[in-house]
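Colleague: Could you take me closely through the pockets of this model, and then through the parts of the fold that surround them? I would like the criteria stated as you go.

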Amino acid sequence: MTGCVHVTVDDAVAHVVIDNPGRRNAVSHNVFDELGSAITDLSCAPDVRVVILAGQGTDFSVGADLAAPAGARTLRGDSIAADTARLRQVSSTLHRFHHLPQVTIAAIDGACAGAGLSLAAAADFRIASDRAVFNTAFVNAALSGDLGGIWLITKLLGGAKARELFLTPGKLTAQDALDLGLVTTVTGTESLHAEARDLAHRLASSAPLALRAMKQNLLQASTTSLSDYLLAEVDRMVQCFHSGDAREAADAFLNKRVPSFTGR
């Protein structure tokens, strides 16, 4: 546990919680420093198969912490060079979260706006409570957007819908987000975290090597040509086929039992 980011691991599932009390989990530069350290540690944790990202209390994150002390903000106005360097550092944290080898789930309660929405969009799954509210927010603050939110939501929803959400921002209910395809599931507030844990444990019961290789396939599918993608896909498929887990899966199927995977 750290100051603003709490990390616990339970049965191959890591729970990462943003905790900025009194600020609705707004994300300062300090929060991103701690989140970046947590992501680095998790990326090197072979026993962690799924990562759940959530906010402490009743909000996921309202976005950048505009009320943080000047020295704790990302954009401080001290100089263009310094602001650029800090924002690029923060952006690299978002990139590393999106590219974590583990499958990621955002458990979204309450407000999810601006940079908070970008973090949620970077996850593989988004589960929202029925009181969740989404907003791109940037243009209303005379800002063009950061942390890859436009890129991620364009990939998720397409260019036309991304233009509508970012150029004409407004509040989206959880049902609106579900109808758009922005979130995977909407559930009651009281069952949000249980629903996220259930999905995480279902994913964690899969063969670890196959799960990680499939996530790499999904990431690469949207960024490379088909010819380059197929080369990498073949390599991953053959490596999985030669694993002990693949032999275990076949034997379990033939003998009608639950497989026991070791990640080898």
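Modeller: The largest pocket has a volume of about 750 Å³. A pocket here is an open set of points on a 1 Å grid over the protein atoms alone, where a 1.4 Å probe fits and protein lies on both sides within 12 Å along at least five of seven lines, and lining residues have an atom within 4 Å of a point. Grid points are joined across faces, edges and corners, and the volume is the space filled by probe spheres set on the points. This is a predicted model, in which local features need pLDDT of at least 70 and side-chain atom pairs count only at pLDDT 80 or more, while totals for chains, interfaces and linings use all residues. Residues are numbered from 1 along each chain as its sequence is written, and side-chain values use heavy atoms, with hydrogens and water left out.

The lining of the largest pocket consists of 31 residues, and Gly-63, Ala-64, Leu-66, Phe-138 and Leu-143 lie nearest its centre. Two or more lining residues come from each of α2 (80–98), β5 (111–113) and β7 (133–135), with β5 giving the largest share, three residues. Helices (H or I, at least four residues) and strands (E, at least two) are DSSP runs, numbered from the N terminus. By residue class, the lining divides into 18 nonpolar, eight polar and five charged residues, where Ala, Val, Leu, Ile, Met, Phe, Trp, Tyr, Cys and Pro count as nonpolar, Asp, Glu, Lys and Arg as charged, and the others, Gly among them, as polar.

The second largest pocket has a volume of about 450 Å³. It is lined by 21 residues, of which His-98, Ala-123, Asp-124, Leu-218 and Leu-219 are the closest to its centre. Here the elements that give two or more residues are β6, α4 (149–157) and α8, and the largest share, five residues, comes from α8. This lining divides into 13 nonpolar, four polar and four charged residues.

Two of these contributors can be followed further. In α4, Gly-149, Leu-152, Ile-153 and Leu-157 are buried, that is, under 20% relative accessible area, with exposed meaning over 50% and partly exposed in between (1.4 Å probe, protein chains only). Seen down the axis of α4, these residues fall within an arc of 105°, so they line one face of the helix; the arc is that of the directions from the helix axis to the C-beta atoms. They pack against α2, α3 (115–121), α5 (159–167) and α6 (174–180), and just after α4, Gly-158 takes a positive phi of about 95°.

Strand β6 (residues 125–129) includes Ser-129, which counts as buried at 0% relative accessibility. Beyond its neighbours within four places in sequence, Ser-129 is in contact (heavy atoms within 4.5 Å) with Ile-108, Asp-109, Gly-110, Ala-174, Val-186, Thr-187, Thr-189 and Leu-192.
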